[in-house]
Amino acid sequence: MVQKIFQTNAELKDWLSEQNSAIIFIPTMGGLHPGHQYLIEKAKANNTQKKQIILVSIFVNPLQFGKDEDFKKYPRNISKDAELAFKAGADAIWAPDYFEVFPGGENSHFKIQVPQILHNQLCGAERAGHFDGVATVIIRLIKIIKPEKLILGEKDWQQLIIIRKLFQELYIPIKIESYSTQRDQSGFAYSSRNSYLSSSEKINAQSLPNALKEAKTEFDKDKVINLTKIASRLKENNLKIEYLKIVDPFSLKETSNINGLCLLAAAVKCGSTRLIDHTFLMQRKPIIAIDGPAGAGKSTVTKAFAKKLGFIYLDTGAMYRAVTWLIINNSIDPSDQSEIKNMLKNSKLEFKNSSFVEQKIFIDHIDVTEKIRSPEVTSMVSEIAKQQFVRELLTRKQQVIGNEGGLVAEGRDIGTAVFPDADVKIFLTASPTERAKRRALDLNKRGYEFSSIEDLEKEIKERDKKDSERKIAPLKKALDAIELVTDGMNIEDVLKEMIYIFRSKIPEEVWPTPNR
Ligand code: CDP
C-alpha cells in the first residue's frame, strides 16, 4: 500500500472511501518514539484482515493542556514522525490542523466531561480538565475517521481507563486494544516529553523507573510495598513528587488492599518536566471465572481459552458430575445426606492431566471422564450439587487447585463463591433453544440417545431453575462479571471475545499473552 500523509479531512475521507477497509486507528500527539512504534507494530501484527488500514493521527490537542503547560513547546516534527510511523508499519498518517478537528472552533462542538470520580484521581487531580480535553478530542477524531478499533498505550493508564469507560457509557461500538509501556535499555519509559530533559536531569529522572522496579522486585519477594522508601529515593534525586500511590487499576482509587491486581503509580517533576510512570503489582497469576447455565458452550471455549493462555483448566461441573456418578454407582439414595457424606469422606476425586487441557477425571481411581456425561448423571447432578456438604467439599478442593492462580475455571458459582476475587469474570450464556441445539450435537458426538431437541430444552430449563434457585451458591451472574450472550457466535468468535475481555482486565504489562 502507498504510504500517505493527509492534512485535510476532505483528502483523508476521499482516500478512505476508495479503500473500503477496516480502520485500525492510533491517535497520537506526535513526538513519535519507540513506544508509538510498538503500538503500530502490534496493531498490525494482531489485525490481519485482508482489507485494513493502520492509520496514525498526529494532532497536538490544545484542549488537554493547562494554561501553564507545554502546549507551545510540545515536539512537532511531522516528517520525522511520519518516517517513524511508516517504518513501524503505518499505512497512512493524518495530521489535521485545529479547524479540521474542531470546525468553527471547539465551542461549536459538544465537550465531554469525565466523571469526577475518575478524572480527579492521579494525573487529573493536578491537571484540571485534562482528561475532559482528551475525551473530547477522541470523540471528534473517531467521528471523522469511524475506525473499527482504537489502539492506546498502557503508559497513559488513566487515559485508557477513561476512554474505555467513555465508549462503554456512550455505547460506542469501537474495540479498544491496549499495549504495554515501552522502555529504553535502562528501563526509562519512552515519552515525547523526555526530549525536554537535559543530560543531568535524565540521570536524576532515571531514579523513577529504578525505584518502581526495585519496589516491584521487593513486592514479588516479600509481598510488601514501602512507599516511604520509594519517596525518599525520588527526593534524593531532586524529583518533586506530585503523587506516589497504590491504586485500584480500574476505579483508580487509592487502596491498601494489595491482594488483587493493583497499580503503583507516580508522577514527578524533574526540573520543569513532568514525568509519569507506573508498575503493576500482582501476588499471583490471573484467575478467570467462567460461569453460566447448562449447554452455553462453556467447556469447549473455556478449554480453548485455557490452552491459549497456558493456564490450568478446571471443569467444576465435572467434579459435581463425578460425585453424582459415584452416588448412582453405589446405589445411594440421593436424598440421604449422611450416607453421601460418609461415602465422600472416604473417596478420592482427582484430575489427571495428560496435558493442561486434555484432562481426565478419576473418582476412587476409576476413570469416569466419559461416564459422567451420561443422561442419567445429567438428570441427577443438580439435586446432588445443592447439598451443603458436597458444595463445601468441592469448593475447598477447587480453591486449593486455584491457589497459585494461572487458572481458568468454569462452573455456576466460580465468580460468586469459589473465586469471588477472580481477576476476570465472564458470564457465558445463550438462549435455551440455542443451548438445546448445542447439547444435541454434543450427545450425538458422544453416542448418547435423546428423544428430541424440545425435550432437551425442557431439561435444560429445569436444570437452570434448580441451579438458580438453590440456597447455597446458586447460579447467578456476579455483579462484576461481563455477560457474553453467544447466540449465533461460533467458537472462534466467542474465544476472540473472551480474549478481548481478558485483555481489558489484565494489562499486557502484567500478562503478555495471548494476543488478540
Ligand atoms: O455440561 P453442563 O453445562 O450442562 O453442566 P456442567 O458444567 O457439567 O455442570 C453440571 C451440573 O453441576 C450443573 O447443572 C450444576 O447443578 C452443577 N454445578 C454446580 O452446582 N456448580 C458448579 N460450579 C458447576 C456445576
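This is a predicted model: local features need pLDDT of at least 70, side-chain atom pairs count only at pLDDT 80 or more; totals for chains, interfaces and linings use all residues.

**Entry: the ligand**

Which residues come nearest to the ligand, of the 19 around it? I found Arg-321, Arg-391, Asp-413, Arg-463 and Asp-467. For Arg-391, I read 2.8 Å between an N or O atom of its side chain and an oxygen atom of the ligand. The side chain of Asp-467 places an N or O atom 2.7 Å from a ligand oxygen atom. With Thr-316 the ligand atom is a nitrogen, 3.0 Å from an N or O atom of the side chain.

**Entry: helix 13 and helix 14**

Thr-316 sent me on to helix 13, which covers residues 316–329. Its axis and that of helix 14 (residues 337–345) come within 11 Å and cross at roughly 110°. That makes helix 13 roughly perpendicular to helix 14. I listed who meets whom: Val-323, Leu-326 and Ile-327 from helix 13 touch Ile-340, Met-343 and Leu-344 from helix 14. By class I have six nonpolar residues in this contact, with no polar and no charged ones.

**Entry: helix 18 and helix 19**

Next I turned to helix 18 (residues 432–446) and helix 19 (residues 453–469). Their axes lie 8 Å apart, and the packing angle is about 115°. The two helices are therefore roughly perpendicular to each other. I marked the crossing as right-handed. On the helix 18 side, the residues in contact include Pro-432, Arg-435, Arg-439 and Leu-443. Helix 19 contributes, among them, Ile-453, Leu-456, Ile-460, Arg-463 and Asp-464. How many nonpolar, polar and charged residues does this contact have? I noted seven nonpolar, one polar and seven charged. Arg-463 was already on my page, as one of the residues nearest the ligand.

I kept the backbone for last. Most residues other than glycine have a negative phi, and most peptide bonds are trans. Lys-146 has a positive phi, near 50°. I located Lys-146 in the loop between helix 7 (130–145) and strand 5 (149–153). The peptide bond from Thr-513 to Pro-514 is cis, and I wrote down an omega near -5°. Pro-514 sits in the segment after helix 20 (491–505).

Terms used. Residues are numbered from 1 along each chain as its sequence is written. Side-chain values use heavy atoms; hydrogens and water are left out. Axes are lines fitted to C-alpha atoms, for helices over the stretch in contact, and angles run from 0 to 180 degrees between N-to-C directions. Helices (H or I, at least four residues) and strands (E, at least two) are DSSP runs, numbered from the N terminus. Angles under 35 degrees count as roughly parallel, over 145 as roughly antiparallel, 65 to 115 as roughly perpendicular and the rest as oblique. A crossing is left-handed if the near helix is turned anticlockwise from the far one by less than a right angle, and right-handed if clockwise. Contact means heavy atoms within 4.5 Å. Ala, Val, Leu, Ile, Met, Phe, Trp, Tyr, Cys and Pro count as nonpolar, Asp, Glu, Lys and Arg as charged, and the others, Gly among them, as polar. A residue is near a molecule or strand if one of its heavy atoms lies within 4 Å of it. A polar contact is a pair of N or O atoms within 3.5 Å; within protein, one must be able to donate a hydrogen and the other to accept it, and residues adjacent in sequence count only if both atoms are side-chain atoms.
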